[in-house]
Amino acid sequence: MSTQRRVLVVEDEPTIAESIAARLGAEGFKVAVAHDGPGAVDGFHTWQPDLVVLDVMLPGFDGLEVCRRIQAQRPVPVLMLTARDDETDLLVGLGVGADDYMTKPFSMRELAARVNVLLRRVERAQQAARTPALGSLRFGELEIDHVQRRVRIGSGDVHLTPTEFDLLACLAAQPRAVLTREQLLAEVWDWTDASGTRTVDSHVKALRRKIGASWIRTVHGVGYALEAPLS
């Protein structure tokens, strides 16, 4: 790549931090490492990374607080790492601005793939912002502005993470059509491994919290569809 992307790795276990840094370095990224909450926030401010790989459990203050603070400085894609496969923790992480998550233990190959996916999503968003022809999409009270990447329901703005926006836009491109988890995983995450469908479910739950549960219909065993709520 002509301009090396910067990744900040925040992990308090040195062996894991070094392994992640080595793998991402081999992928062509510039990598910096922080080992606690305050160091992560300071490193983000001074180093200005393009993406953050962020462990939830950190000394000083935890990864959720780190995510809140860095997203308040500047929106940035965050891949959160958690030692517990607890859905509540995952939804809280998505709620404070994380874009994706991985549960330990994980493969370095998959982590590198997800980092690349998140950065490609940023590039697509930047390209969409330069393409006014995409315009806005309206579906009932829901309005999706692709240029400004803003969502409104009625007269109120809904604040979504980049991943939540892409997920909603994907569903809205085919309103009422049922999209499988595998389709959504491929379209939104560029990820074809069906083991990641849990990621789709968690993001749908986080999205429902923000736009209202009645907008997204679950088709059990299949996937999801965007439908206007019954008045």
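Analyst: A residue is called buried under 20% relative accessible area, exposed over 50% and partly exposed in between, using a 1.4 Å probe and protein chains only. The model is predicted, so local features need pLDDT of at least 70 and side-chain atom pairs count only at pLDDT 80 or more, whereas totals for chains, interfaces and linings use all residues. Residues are numbered from 1 along each chain as its sequence is written, and side-chain values use heavy atoms, with hydrogens and water left out.

The pocket comes first. Rolling a probe the size of a water molecule over the atoms shows where empty space is left. On a 1 Å grid over the protein atoms alone, a cavity is a set of points where a 1.4 Å probe fits but cannot get out; a pocket is an open set with protein on both sides within 12 Å along at least five of seven lines, and lining residues have an atom within 4 Å of a point. Grid points are joined across faces, edges and corners, and a volume is the space filled by probe spheres set on them.

By these criteria the largest pocket has a volume of about 700 Å³. Its lining comprises 27 residues, and P75, V76, L160, T161 and P162 lie nearest the centre. Because domain 1 (6–126) and domain 2 (131–226) both contribute to this lining, the pocket lies between them; the domain bounds come from an automatic or database domain assignment.

Helices (H or I, at least four residues) and strands (E, at least two) are DSSP runs numbered from the N terminus. The elements α5, β8 (150–153), β9 (156–158) and α6 each supply at least two lining residues, and α5 gives the largest share, four residues.

Two strands pair if DSSP finds at least two bridges between them; β7 and β8 run antiparallel and are joined by four bridges, with I144 opposite V151 in β8. Their hairpin has four residues between the strands, and R149 takes a positive phi near 50° there. Strand β7 (residues 142–145) also pairs with β6 (residues 136–139), antiparallel over four bridges, and S136 stands opposite D145. That hairpin has two residues between the strands, and G140 has a positive phi near 60°. Within β7, L142 and I144 point one way, E143 and D145 point the other way, and all are buried. In a regular strand the side chains alternate between the two faces of the sheet.

P105 sits in the loop between β5 (100–103) and α5 (108–129), and the peptide bond from K104 to P105 is cis, with omega near -5°. R176 lies in the loop between α6 (162–172) and β10 (179–180); although not a glycine, R176 has a positive phi near 75°, and at 54% relative accessibility R176 is exposed.

Finally, E187 belongs to helix α7 (residues 181–189) and, at 55% relative accessibility, counts as exposed. Contact means heavy atoms within 4.5 Å. Leaving aside residues up to four places away in sequence, E187 touches R124 and C170. E187 and D166 are 21 residues apart in sequence and 8.9 Å apart in space, C-alpha to C-alpha.
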